[in-house]
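Hi there,

Here is the model I promised to pass on. Have a look at it first, and my notes come after.

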Amino acid sequence: MTPDEWAIVRLTLLVGGVAVAATLPLAFALALLLARGRFPGKLLVDGLVHLPLVVPPVVTGWVLLLAFAPAGPLGRLLDAWFGTSVLFRWTGAAIAAGVMALPLMVRAIRLSIEAVDRRLEQAARTLGAGPWRAFGTVTLPLSLPGVLAAAVLGFARAIGEFGATITFVSAVPGETETLPLAIYSALQRPGGEAIVWRLSAISVALALVALVASEALARRAGRGTHVL
Amino acid sequence: MSFDVAVQLTRGDARIGAAFQTGAGVTVLFGRSGVGKTTVLNMVAGLIRPDKGHARVNGRTLYDRNAAVDLPPERRRAGYVFQETRLFPHRRVRANLLYGAEDEARLAETAAMLDIAHLLDRWPRTLSGGEARRVAIGRALLSDPEFLLLDEPLASLDAARADEVMRALERLRDGTRLPMLLVTHDPAEAERLGNHVVRL
């Protein structure tokens, strides 16, 4: 690979990695809320979480642009607190990737939490564990394969993100131009086919590795047993 | 007075409840399937909240509707041996046994008494039904309980396995002063183990 291609791959992995790392705690909290919570408006929360999955990515990107623009609610906060902006920055690309990956991650984690027999937590309680210890020592470790699967799946989704990213932070080479955006811009250039071939092959390889890993983890979780 | 229980729960048309006061030893809750024996255990353990009544063990109030006392399960000091054992699948037998224990001091002695010392490094899914039942009894005992709740401890075991567990329970009854509340639908079991029999 040429240094330019390496830089694109590195940026893509950075954006995907940061997106997943930042989204995972939020996804876990939402998954727990949806799996265990009973509250009015649960259906609405469920729907909002899943919106990025069903809305055209361009719309998601546009909403992010409105929110993070200098005059937007989140853009103003970022500027006031940190004196910074995520527009046209790799951090913005990571936000777009994270938002798009969120519903997939919530679904995977929610299923794995729901698959844990709650009666095991009851057993832990009768053995003297408070609700938090019971959750942390029983449900959390037993749902961990699902959490890992969610991370891998979310990562695969994040490194493939295109529509929301290009709408939100545009395709700035070296800053927001991840693999899919680089492939698209190479396609627009005469004589860019060779680059398209190579970058596409890299994308397929990355996605395949992530999917196979995710499937393996999900199968292990599905057996209901846990190999440490 | 070991057990002083009077609990009642209404679910739709069904009324589940029991009222009994019994002395030391094993109190057997005896009745046909579906009458709510396990629900009574769950109410004593704090896993299900009764609609009314009270539950006291050795003079300690665990639940009293009128006095607004309702201890959470982790403060009731119940050693609950579930019918389906509920061993933690991601922990080896040793870690299961020690889950509710302060330290390892009584591990060897308890494992020897229940004949499970050779199983400590095994995973729960590799245990036979009788072995898993005895590990579950050990786990409950090591959590330093003030009383034991045993839900059909011999159910779905073949004769030989049931006999192993039965002997362990007899050693327990004769060797400790823990009050035990045992649920069964088998008259022979009730007869052999029970100091007091409560019919539901």
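Below is what I found where the chains meet, plus a note from a database record.

This is a predicted model, where local features need pLDDT of at least 70, side-chain atom pairs count only at pLDDT 80 or more, and totals for chains, interfaces and linings use all residues. Residues are numbered from 1 along each chain as its sequence is written, chains are lettered from A and ligands numbered from 1 in the order written, and side-chain values use heavy atoms, with hydrogens and water left out.

Let's start with the interface. Chain B puts 21 residues in contact with 22 residues of chain A (contact means heavy atoms within 4.5 Å). About 1,900 Å² is buried between the two chains, with 62% of that coming from carbon and sulfur atoms; buried area is the accessible area (1.4 Å probe) that two parts lose on being put together, summed over both. Glu74(B), His90(B) and Tyr99(B) provide 36% of what chain B buries against chain A, more than any other three residues.

As for charges, the rule finds 2 salt bridges across this interface (a side-chain nitrogen of Lys or Arg within 4 Å of a carboxyl oxygen of Asp or Glu). Glu84(B) forms a salt bridge with Arg119(A), with 3.1 Å between the closest N and O atoms. The side of chain B that touches chain A has 12 nonpolar, 3 polar and 6 charged residues, with Gly counted as polar.

Finally, UniProt's unreviewed entry places the feature "domain: ABC transporter" at residues 1-200 of chain B; such annotations may be inferred rather than shown by experiment.

Best wishes
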